[in-house]
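Thanks for making the time; please bring the model up on the screen, and then I will walk through some helices, sheets and cores in turn.

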Amino acid sequence: MSSTMPDNRISLHKLEVFCSVVERGGVRLAAEDLFVSQPVVSAHLRSLEERLKVKLFQRDGRGMKLTEAGAEVHQWATEVLRGRTELDRSLRDISRGVAGRASIGSSMSVGNYVLPQVLVDFRRAHPQASISLHQSTVEIALERTLDGRSDFAVVATDAVLDANSFEAELIARPPFCLVAALDDEQVGASATVAELTALPFVCPPAGAAIRRSQDSALASIGVVDRRVEIELGSAESMKVAVQGGLGVALLWRESVRRELEAGLLREVQITGHTLYDKLYLVRRRGKRLTAFQTTLTTVLRDGIRELLDQER
């Protein structure tokens, strides 16, 4: 007994010819569209029927009409050809660097206040992109990058990164902003370096990367000892403490922008000085980024600089 299973060695070209005959309503018009002779089109149809082991058309007066099996085959063939077209488009997008996957590590401030808007704008413009962002401490972000869980990372740190393990590019210098509660009478509209040493501070925990960055920035203007009132692990909790009157806090300007605009916090100018953090784009040494990931790093680099420049 012969097998009833269709021959699966069916070329996409045969499906294209078949669909053209259906859509144009006959062999002659399909042959004109495909720039081939009518016998060539007819031969493709016969071959397709033999391989599928079904009759695709029946005569309807002077025309051709799909059989019930032919209608099923047409629906299937249309989906196959649509899938091929979508694959072609996706592969072209990947080769152009506008589609693909990327896993990004980040430290907390940049992950919470800078990257989201840049990534949302990029994703909206590139619907084929698959992006995941993992916010953590600097140490964990670097660990994820080193072991391959993240393709690259954007981290704020003043530490010297291990050149044997990482390729690091300084891409921005986010400005710090000293903030106080609106009704805090302990501090005026500005503070000198000498006055800073006497002010109560809300700080990140000792040993945290952002604490080290703050200490380094303050040390650059001669402030080497702060009066720490409380240590809190996130910018959001620090802002609550400042609003509650526990002291001032040195935070990224971008992280307090909304509170300053809404009148929930006020800026205290540091007389004669503007302090900055350091923001790095980091990847594992020797890591080869895909075309898409390279495109994304360029967009992030430019978007971050534009966003932070608006805050200076």
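This is a predicted model: local features need pLDDT of at least 70, side-chain atom pairs count only at pLDDT 80 or more; totals for chains, interfaces and linings use all residues.

Helix H1, residues 12-24, has 13 residues, and at 1.5 Å a residue it should span 18 Å, which agrees with its end C-alpha atoms being 18 Å apart; the expected span here is 1.5 Å times one less than the number of residues. Helices (H or I, at least four residues) and strands (E, at least two) are DSSP runs, numbered from the N terminus. Residues are numbered from 1 along each chain as its sequence is written, and side-chain values use heavy atoms, with hydrogens and water left out.

Staying with H1, its buried residues are Lys14, Leu15, Val17, Phe18, Cys19, Ser20 and Val21, where buried means under 20% relative accessible area, exposed means over 50%, and partly exposed lies in between, all with a 1.4 Å probe and protein chains only. After H1 comes Gly25, with a positive phi near 85 degrees.

Turning to the sheets, 5 strands form an open sheet with mixed pairing, in the order E4-E3-E5-E14-E6, and two strands are taken to pair if DSSP finds at least two bridges between them. Its edge strands, each pairing on one side only, are E4 (129-136) and E6 (166-172), and the twist averages 25 degrees from one strand to the next. Within this sheet, strand E3 (residues 100-107) pairs with strand E5 (residues 152-156) in the parallel sense over 3 bridges, and Ser106 has Val154 in E5 as its bridge partner. Helix H6 (residues 115-125) lies across E3, E4 and E5 and runs at about 170 degrees to E4; contact means heavy atoms within 4.5 Å, and the axes are lines fitted to C-alpha atoms, for helices over the stretch in contact, with angles from 0 to 180 degrees between N-to-C directions.

There is also an open sheet of 3 strands, antiparallel in its pairing, in the order E11-E7-E12, with E11 (249-252) and E12 (266-267) as the edge strands. Strand E7 (residues 176-180) pairs with E11 in the antiparallel sense over 4 bridges, and Val179 has Ala249 in E11 as its bridge partner. Helix H10 (residues 235-243) lies across E7 and E11, at about 140 degrees to E11.

Finally, the cores: a nonpolar core is a set of buried Ala, Val, Leu, Ile, Met, Phe, Trp, Tyr and Cys residues joined through side-chain atoms within 4.5 Å. The largest has 42 residues, and those with the most contacts inside it are Leu196, Leu279, Leu296, Leu300 and Ile304; its largest share, 6 residues, comes from helix H12 (residues 291-309). Leaving aside residues up to four places away in sequence, Ile304 touches Val114, Leu115, Val118, Val154, Ile171, Ala172 and Leu279. A second, separate core of 18 residues includes Leu15, Phe18, Val21 and Val73.
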